6 protein chains.
Amino acid sequence: MRGLIIGRFQPFHLGHLEAVKWILTQVDELVVAIGSANVALTFRNPFTVGERIEMITRVLKTEGLLERVHICVVPDTGDMHTVWPAHLRHWCPHFDVVYTNDLLTRLCLEYANIPYRGIPFFKREEYSGTLIRMLMARGSNRWRKLVHSEVSAFIDEIGGVERVKKLAQIESVI
Amino acid sequence: MRGLIIGRFQPFHLGHLEAVKWILTQVDELVVAIGSANVALTFRNPFTVGERIEMITRVLKTEGLLERVHICVVPDTGDMHTVWPAHLRHWCPHFDVVYTNDLLTRLCLEYANIPYRGIPFFKREEYSGTLIRMLMARGSNRWRKLVHSEVSAFIDEIGGVERVKKLAQIESVI
Amino acid sequence: MRGLIIGRFQPFHLGHLEAVKWILTQVDELVVAIGSANVALTFRNPFTVGERIEMITRVLKTEGLLERVHICVVPDTGDMHTVWPAHLRHWCPHFDVVYTNDLLTRLCLEYANIPYRGIPFFKREEYSGTLIRMLMARGSNRWRKLVHSEVSAFIDEIGGVERVKKLAQIESVI
Amino acid sequence: MRGLIIGRFQPFHLGHLEAVKWILTQVDELVVAIGSANVALTFRNPFTVGERIEMITRVLKTEGLLERVHICVVPDTGDMHTVWPAHLRHWCPHFDVVYTNDLLTRLCLEYANIPYRGIPFFKREEYSGTLIRMLMARGSNRWRKLVHSEVSAFIDEIGGVERVKKLAQIESVI
Amino acid sequence: MRGLIIGRFQPFHLGHLEAVKWILTQVDELVVAIGSANVALTFRNPFTVGERIEMITRVLKTEGLLERVHICVVPDTGDMHTVWPAHLRHWCPHFDVVYTNDLLTRLCLEYANIPYRGIPFFKREEYSGTLIRMLMARGSNRWRKLVHSEVSAFIDEIGGVERVKKLAQIESVI
Amino acid sequence: MRGLIIGRFQPFHLGHLEAVKWILTQVDELVVAIGSANVALTFRNPFTVGERIEMITRVLKTEGLLERVHICVVPDTGDMHTVWPAHLRHWCPHFDVVYTNDLLTRLCLEYANIPYRGIPFFKREEYSGTLIRMLMARGSNRWRKLVHSEVSAFIDEIGGVERVKKLAQIESVI
């Protein structure tokens with residue numbers, strides 16, 4: 001039995017990690033599918049897909065989870081939501097069920113008759129990509145507590161905080 | 001130091017595996033980039049990118065190589081070869097040098113000032129994706145000797161030989 | 001003499017039907033062109049183009065209008081408004097004049113030297129796709145009075161109200 | 001029970017008409033889906049999708065078949081064959097089964113778990129779009145016997161023979 | 001030494017002209033790259049790329065600057081900002097350095113290791129494309145003082161003020 | 001009166017120059033539109049659009065023709081030939097008539113009701129982009145006599161002959 005989790009992972013945070021661990025108690029193997037793979041250098045999607053692959057790999061390797069996980073990517077299909085599930089199937093290794101709480105993802109999967117299940121939330125208020133990026137943009141270091149140490153180290157390596165600050169300024173987010 | 005190997009891997013064969021092993025004697029880590037990621041169900045590209053991720057992962061795991069390898073994907077950019085290197089950078093984890101013998105890939109990388117190196121060929125006549133697909137199409141089992149046992153097992157699981165036979169017929173290849 | 005009416009028809013409502021009937025008093029035949037054909041599963045465009053073809057066909061058949069009408073579809077061209085009229089010509093059967101009150105459509109047609117005419121509005125406040133979708137989202141049945149009985153029956157068949165409710169929630173419309 | 005027939009209909013010929021009639025003995029309603037909808041002005045696809053909608057409509061109306069038929073269009077998805085069935089579903093009214101003899105179409109539908117059935121061929125050697133276009137290109141009038149009189153009249157109206165001759169010359173087909 | 005200036009030039013105004021003149025005191029030759037080349041007939045981008053080429057050429061010719069300037073165009077790459085610099089290189093004649101104050105442009109260029117420099121602002125409050133379009137939309141003639149007389153003459157020739165007024169109304173800008 | 005000449009200019013040769021000079025005896029101004037602007041690094045289209053803008057500009061400047069000429073670019077529209085004329089209008093400054101001998105271009109322009117005229121050929125056998133690229137690929141210097149000295153100088157500057165040789169090898173042209 002193989003599950004799939006889909007997310008933008010901007011960045012991959014502890015809520016994502018908890019979800020991965022929990023799903024691995026439910027299934028034998030897990031596909032981690034990185035969505036909006038074609039987007040980068042925006043406040044909402046600051047990191048390239050290559051960077052996201054790398055941060056997720058580092059965390060899962062450190063946590064000893066890589067053995068049971070496949071990492072893959074899925075580009076956006078714009079407003080053509082009806083064909084997104086077919087893209088999911090094309091870009092990802094085989095999966096039996098999708099784990100997602102996202103309502104639009106669920107609607108698309110229903111349309112395509114692909115089964116899905118919910119995921120328990122882990123400190124949803126805190127473990128949020130948007131919050132993490134806002135904290136980075138505001139110069140607070142509190143985001144570091146919301147991601148794995150491998151992620152914060154990687155983001156430092158690539159100058160990620162500086163990039164997010166600039167994007168927040170560019171898009172007048174703060 | 002991190003290298004990158006780019007290929008379509010239709011399918012991943014023993015020549016690819018030898019190349020991966022050899023590059024890993026030259027660098028610390030290797031990015032395996034699956035090209036033409038957007039194409040599937042053609043004789044030249046029968047397998048989806050998800051299927052290719054899976055066959056490569058299985059082989060590298062069995063061979064104990066996954067620890068030092070990242071797998072990623074790169075879509076085609078059509079005839080706009082000048083922007084392909086920027087896509088390579090977007091879709092892949094960071095790399096220092098590309099290992100490739102393909103002349104068009106080298107030309108594109110030169111245009112973009114990305115360094116590359118050659119790879120020694122391993123039984124080039126035999127270890128060829130085109131030959132493997134032709135053998136499948138003709139009903140010969142000899143292709144099985146040209147791929148890792150994990151690959152032939154996976155191709156059997158997904159009915160890959162039957163698919164290649166049909167595609168060869170559809171495109172009048174044989 | 002053949003006219004063309006262009007709309008998103010999300011859904012096809014009584015205002016559209018009145019417009020179709022009125023234009024058919026002006027011209028011999030009418031092309032009904034479904035715009036934004038590539039979009040679906042958004043609050044603004046909940047129905048696929050296939051679903052919209054079906055609801056329009058049922059209404060026109062019931063009303064005995066199908067004999068003089070052609071139904072066709074036109075995808076969006078994004079912000080490249082200058083080429084949209086050429087797409088209109090490619091995707092639609094021949095037409096002599098476009099009937100439209102939409103100012104952007106008129107501007108594009110002017111740019112391309114395609115003639116257009118206005119349509120009298122029929123209870124514009126009531127007969128509005130946006131209003132109909134809002135009523136669905138809020139759980140009011142009043143939308144049923146704003147569409148032909150064939151449309152409400154079809155929307156019930158495909159679970160359309162439930163879909164619109166979910167999309168309104170997903171996009172935080174209500 | 002509703003069937004679907006997919007074709008490029010360049011042009012719609014008597015073989016297509018026989019197929020439509022035969023399928024209508026098997027099912028209650030039929031969706032006629034015009035493929036490669038985005039292509040035109042090539043020797044292989046000389047007619048726009050609007051022109052093809054018109055020629056099919058005229059024939060089906062004359063033959064009294066329009067009552068039980070829906071006409072729709074499907075754009076190409078290039079080499080991304082895995083997502084074509086999702087496009088088929090998006091662009092077409094609901095269908096239960098596809099009637100097709102085309103091997104690639106069948107392979108794509110199998111991949112997406114969409115059921116299909118074969119169609120008896122009607123004078124396959126004669127009733128062929130390629131043959132008809134070749135006859136036009138060579139200045140032979142024999143193509144007129146291979147299409148419905150409504151189709152030949154329509155092609156004459158739009159100067160279709162001259163167009164096909166030019167395209168054959170441009171692409172060095174003859 | 002050759003510089004490049006990138007802008008949307010909707011329309012080309014006196015601030016742009018001052019910038020061009022100033023950069024030409026710094027470098028031997030200048031590439032004027034027209035961005036968002038694929039967009040037109042929106043309030044933000046009312047003029048086609050052909051129209052923008054024409055207004056810039058007329059001004060530079062009148063000012064005797066054309067000798068040292070190349071004009072070219074660059075389409076948008078949507079949210080895929082990482083590949084935009086490769087497009088810049090593909091679509092433009094060779095350049096050594098980009099002159100830009102735009103923060104997103106700078107971020108993209110940094111990502112691609114392309115050098116850039118700042119430009120002194122010339123009456124930034126006044127010389128603004130947005131202000132000029134707003135003045136047009138409101139029926140004020142004050143925009144004429146903010147552009148070269150060749151630009152106002154050209155805009156009059158093509159009915160540009162009327163177009164901007166309609167677009168402002170269509171997009172509810174005023 | 002303003003004419004337009006459309007070509008790929010791979011490279012711009014003496015036949016093109018003769019055509020430009022001849023057309024300028026017929027009209028007041030000329031738009032030189034560089035087609036297939038999105039393609040580069042293929043044997044058929046070795047040079048980027050930026051490089052082509054540069055070689056044409058240098059020649060026209062040397063010949064004193066730049067005063068009456070506008071240079072612009074037009075991307076391909078694939079097999080959607082019906083919308084290409086609308087792209088031509090979007091990407092180019094205003095023109096009254098197209099000068100072209102290309103049959104496909106003429107067919108597309110006829111479809112869109114855009115007037116065109118023929119151009120006298122100037123040593124058609126010799127002045128041919130294909131011949132020039134073949135001569136480069138074969139190591140013959142004879143191509144230099146078929147282009148303006150500004151073009152051969154520019155091609156030398158960018159290592160163009162070496163590029164064409166590699167592309168000929170990559171695509172097995174020779």
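In what order do the strands of the open sheet of chain C lie, and is the pairing parallel or antiparallel? In this predicted model, local features need pLDDT of at least 70 and side-chain atom pairs count only at pLDDT 80 or more, while totals for chains, interfaces and linings use all residues. Residues are numbered from 1 along each chain as its sequence is written, and chains are lettered from A and ligands numbered from 1 in the order in which they are written.

The sheet of chain C is built from 5 strands in the order S3-S2-S1-S4-S5, and the pairing is parallel. Its edges are formed by strand S3 (69-73) and strand S5 (116-117) of chain C, each of which pairs on one side only. Strands (E, at least two residues) and helices (H or I, at least four residues) are DSSP runs numbered from the N terminus, and two strands are taken to pair if DSSP finds at least two bridges between them. Strands of a sheet pair through backbone hydrogen bonds, either parallel or antiparallel. Within chain C, strand S2 (residues 29-34) runs parallel to S3(C) and is joined to it by 5 bridges. Ala33(C) of this chain stands opposite Cys72(C) in S3(C).

In chain F, strand S2 (residues 29-34) pairs with S3(F) in the parallel sense over 5 bridges, and Leu30(F) lies opposite Val69(F) in S3(F). A residue is termed buried if 20 or more other C-beta atoms lie within 10 Å of its own, exposed if 12 or fewer do, and partly exposed in between, with C-beta atoms placed from the backbone. Strand S3 (residues 69-73) of chain F is largely enclosed by the rest of the structure, because 5 of its 5 residues are buried. Burial extends to both faces of S3(F): Val69(F), Ile71(F) and Val73(F) are buried on one side, and His70(F) and Cys72(F) on the other. In chain B, strand S1 (residues 2-7) is mostly covered, with 5 of its 6 residues buried. S1(B) pairs in the parallel sense with strand S2 (residues 29-34) of chain B over 6 bridges, and Ile5(B) has Val32(B) in S2(B) as its bridge partner.

Helix H2 (residues 49-62) and helix H6 (residues 149-157) of chain D pack at an angle of about 145°, with their axes 8 Å apart. The axes are lines fitted to C-alpha atoms, for helices over the stretch in contact, and angles run from 0 to 180 degrees between N-to-C directions. The crossing of H2(D) and H6(D) is right-handed, a crossing being right-handed if the near helix is turned clockwise from the far one by less than a right angle, and left-handed if anticlockwise. From H2(D), the residues Glu54(D), Met55(D), Arg58(D), Val59(D) and Thr62(D) meet Glu150(D), Val151(D) and Phe154(D) of H6(D). This contact of H2(D) with H6(D) comprises 4 nonpolar, 1 polar and 3 charged residues. For these classes, Ala, Val, Leu, Ile, Met, Phe, Trp, Tyr, Cys and Pro count as nonpolar, Asp, Glu, Lys and Arg as charged, and the others, Gly among them, as polar. Residues are in contact if their C-beta atoms, placed from the backbone, lie within 7 Å.

The relations between chains were then considered. Chain A is laid on chain B by a turn of 180° and a shift of 0.0 Å along the axis, with an RMSD of 0.0 Å; this is the relation of a two-fold axis. Such superpositions are made by least squares on the C-alpha atoms of residues with pLDDT of at least 70 in both copies. Among the residues of chain A, Cys72(A) comes closest to the rotation axis, at 3.5 Å (C-alpha). The same surface serves both copies, as 100% of the contact residues of chain A recur in chain B. Chain A and chain B each give 15 residues to the contact. On the side of chain A that touches chain B, helix H2 (49-62), strand S3 (69-73) and helix H3 (84-91) each supply at least two residues, and the largest share, 5 residues, comes from H2(A). By class, that side has 8 nonpolar, 6 polar and 1 charged residues.

A rotation of 120° with 0.0 Å of shift along its axis superposes chain B on chain F (RMSD 0.0 Å). The two copies are thus related as by a three-fold rotation axis. Gly78(B) is the residue of chain B closest to the rotation axis, at 6.3 Å (C-alpha). By contrast, no contact joins chain B and chain C, whose closest C-alpha atoms lie 20 Å apart.

Definitions and conventions: Two residues are in contact if their C-beta atoms, placed from the backbone, lie within 7 Å.
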